[in-house]
Amino acid sequence: MLYKTVDNLDLSKYEDKTILIVGGGTSTLDKRWDNLPHDYLWTTNQFYLQYRLLRKKVDLVTIGENVDLSNKTFIGKVKSDKPTCIVEPSQSSTVGPTLNNFCKETEVEVLRYDIRLPEGVYKTDVCMRAGAAFRLILLAMQTKAKEILFVGFDGHTKEYDNPHAFTGRLEPSKRQKAATYDKRDISIVNRFTSAYNVLTRLPGFHRLQNLGEGMKYNLGSEISSKFFPLNKKYKEVIDG
């Protein structure tokens, strides 16, 4: 097995299915998403550091530059679950022998593929700084899934006191410090609210469910509660 570059993905198997997307935001820690029924689970990057994800079958994962391709837990999980593995060229320079070795060890072919952006959205837009979970949601919206549940697509509190669900990191990264919380065009608030606003403009946005809705660090709550409010049946499970 080696990696290869592709222009398209076959998304036909997701028709009329429920996709659960688990990102690295704090709601992944605070909500009981793992109790929800779903057909396919998608996640990203350092998910292998979160034990609850290790107990679930992963169908698709995006691999960024912060992923340790030699991590034995990660290798074992991919070898076991055989998920679709995607490296996005516009987001990661991960190529070469290290990636090929990962393919050989896991017996999985990694795809170099840039997730297609909606019409009118560009790589330079502020929403594209909202992280990998956002791009996974965009990909899910390109399927004919009947429902798309997502958790861990949150943002931060102004105090940056909500931990990353995978790494446990509390302190903001250098990029986050440079962006500021809400004082610049590329601020944390603008990144996430812009991303949520993009979702409301996509055909079929009613299929979305923001499982982190209502948490103080979930910067899209006001938007999602207006356009695709969290269903009571899900809220009762994840808060129970």
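## Strand β2, on the inside

In this predicted model, β2 is largely enclosed by the rest of the structure, because 5 of its 5 residues are buried. "Buried" here means under 20% relative accessible area.

Look at which way the side chains go. Thr18, Leu20 and Val22 point one way from β2, while Ile19 and Ile21 point the other way, and all of them are buried.

## Who β2 pairs with

β2 has β7 as a parallel partner, with 5 bridges between the two strands.

In soluble globular proteins, nonpolar side chains tend to be buried together. In this model, the largest nonpolar core has 42 residues, and Ile21, Trp42, Phe134 and Phe153 are the ones with the most contacts inside it. At least two residues of this core come from each of β2 (18-22), β3 (40-44), α5 (132-140), β7 (147-151) and α7 (188-200). The biggest giver is α5, with 7 residues.

Apart from that core lies another one, made of 31 residues, including Leu20, Leu230, Tyr234 and Ile238.

## A closer look at Trp42

Setting aside residues up to four places away in sequence, tryptophan 42 touches Ile19, Leu20, Ile21 and Val22, among others. Its contacts also include Tyr14, Asp59, Leu60, Leu136, Leu139, Ala140 and Thr143.

Methods. Residues are numbered from 1 along each chain as its sequence is written. This is a predicted model: local features need pLDDT of at least 70, side-chain atom pairs count only at pLDDT 80 or more; totals for chains, interfaces and linings use all residues. Side-chain values use heavy atoms; hydrogens and water are left out. A nonpolar core is a set of buried Ala, Val, Leu, Ile, Met, Phe, Trp, Tyr and Cys residues joined through side-chain atoms within 4.5 Å. Buried means under 20% relative accessible area, exposed over 50%, partly exposed in between (1.4 Å probe, protein chains only). Helices (H or I, at least four residues) and strands (E, at least two) are DSSP runs, numbered from the N terminus. Contact means heavy atoms within 4.5 Å. Two strands pair if DSSP finds at least two bridges between them.
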